[in-house]
Structures are given as C-alpha cells and as structure tokens.
Amino acid sequence: MKSKILLIIFIAGLVFTACGSFYFFRWAKHPIPLLEEVIVELAKGESLHTLSEDLEHKGLITNGRFFHLWVKYHERSYERFLAGTYRFVEKVSPQEIIQTMVEGKTYNPLALEFTIPEGATLAQVRAHLVALEVGTEEEFRKLEADKVWLEHMGIPLLEGFLFP
C-alpha cells in the first residue's frame, strides 16, 4: 500500500514537471505583439533581476521571474549579454530577446539626417546645420579647418567630399 502511494506521488510529480516544463518552453518561444517600438538600455554590470523587471515593465515579457529563471538555468548565458541599447518592434519572444542581447545587436538611432541641395555652398550648409542647432558657426569653421579631424573621419578634402 505504501509503495503504491509513493508510486502515485512519483508519477504525479513527473506529470507536474512535464506540464510545467512544456509551459515554460512554450512561454520562452511565444512572441508578444508590441504596439510600438520598445527601447531597452542594458547597462554594463546591470543585474539579471533588474533587466527582467525592466523587460516586464516595458511589456516585452509577461513574467520577469520566468525570464530570470530561463536565462539563469536554461540558457546559462547572462554573462554573455552585451551592454548597449536595444530596440524591439512588432513582436518578440523571450528567446529572441536573449539572442539579440547575446549577439549584441544594439540599436544606434540616427542622430541627424538632412539633404544638401545641389549647388549649395559650404557657407549655406554650415548655416543650415547651425539653424538645426547641431553646433555653432565657430565650431563648424574650426572643424572645416581641422585637417587632423578630417583625415580621421576619412575625408581627404571637404569641398570634394560635400560637393563632388
């Protein structure tokens, strides 16, 4: 009688573990639809606990504790996460978040984009950049004359670079 009870408890434990594992694996692979882009900043030295809470707060994952456990015990990869800014759009699964952060696929937003109209002079380009508050006229004049900076940026001659 006692052995039958132990056998039933053992089988129930196996069933419970199998169901829990199935749910856990399904959770990690299931993408969550995002209504808008989500930007996540992973600072160097940030704890897995803090990252998990941040991801849950931003709506990227449904359960921060699950994410923490998944990374810690299944993936064993948190030490391989690379610090940086990450951008997620449309839909993302916890597994995709992990893969993105391990591979270091960081997001570098475009700081400034503008078109130089054909025939514009250097003075006109400078005035346009000053109007966009990218810098002051003095700063641009210094950069225009700084041959070391131009060479460092891979620009042999500013006039030929801007106006081919």
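Biologist: Helices here are DSSP runs of H or I with at least four residues, and strands are DSSP runs of E with at least two, both numbered from the N terminus. Which helix does Ser-52 lie in?

Modeller: Ser-52 belongs to helix α2, residues 48-57. This is a predicted model, where local features need pLDDT of at least 70 and side-chain atom pairs count only at pLDDT 80 or more, while totals for chains, interfaces and linings use all residues. Residues are numbered from 1 along each chain as its sequence is written, and side-chain values use heavy atoms, with hydrogens and water left out.

Biologist: Is Ser-52 buried or exposed?

Modeller: Buried, because its relative accessibility is 2%. Buried means under 20% relative accessible area, exposed means over 50%, and partly exposed is in between, using a 1.4 Å probe and protein chains only.

Biologist: What does the Ser-52 side chain reach?

Modeller: The backbone oxygen of Leu-48, at 2.8 Å. A polar contact is a pair of N or O atoms within 3.5 Å; within protein, one must be able to donate a hydrogen and the other to accept it, and residues adjacent in sequence count only if both atoms are side-chain atoms.

Biologist: And which residues does Ser-52 touch, not counting those up to four places away in sequence?

Modeller: Ile-61, Gly-64, Phe-67 and His-68. Contact means heavy atoms within 4.5 Å.

Biologist: Let's turn to the core. How many residues are in the largest nonpolar core, and which have the most contacts inside it?

Modeller: That core has 21 residues, and Leu-60, Phe-67 and Ile-97 have the most contacts inside it. At least two of its residues come from each of α1 (2-29), β2 (38-42), α2, α3 (64-75), β3 and α4 (94-103). A nonpolar core is a set of buried Ala, Val, Leu, Ile, Met, Phe, Trp, Tyr and Cys residues joined through side-chain atoms within 4.5 Å.

Biologist: What does Ile-97 touch, leaving out residues up to four places away in sequence?

Modeller: Leu-55, Leu-60, Ile-61, Phe-67, Phe-88 and Val-92.

Biologist: Which residues of α4 are buried?

Modeller: Pro-94, Gln-95, Ile-97, Ile-98, Thr-100 and Met-101. Just after α4 comes Gly-104, with a positive phi of about 70°.

Biologist: Where is Ser-93, and is it buried or exposed?

Modeller: Ser-93 sits in the loop between β4 and α4. It counts as buried because its relative accessibility is 3%. Apart from neighbours within four places in sequence, Ser-93 contacts Ala-28, Lys-29, His-30, Pro-31 and Ile-32.

Biologist: What about Ile-32 itself, where does that lie?

Modeller: In strand β1, residues 32-33. Ile-32 is buried, given a relative accessible area of 14%. Beyond residues up to four places away in sequence, Ile-32 touches Gly-59, Leu-60, Ile-61, Thr-62, Glu-90, Lys-91, Val-92 and Ser-93.

Biologist: Glu-90 is on that list. Where is Glu-90 found?

Modeller: In the loop between β3 (84-88) and β4 (91-92). Glu-90 is exposed, because its relative accessible area is 64%. Setting aside neighbours within four places in sequence, Glu-90 is in contact with Ile-32, Pro-33 and Leu-34.

Biologist: What is the phi of Glu-90?

Modeller: Near 65°, a positive value in a residue other than glycine. Most residues other than glycine have a negative phi. Glu-133 also has a positive phi, near 60°. Glu-133 lies in the loop between α5 (122-131) and α6 (137-145) and is exposed, with a relative accessible area of 72%.
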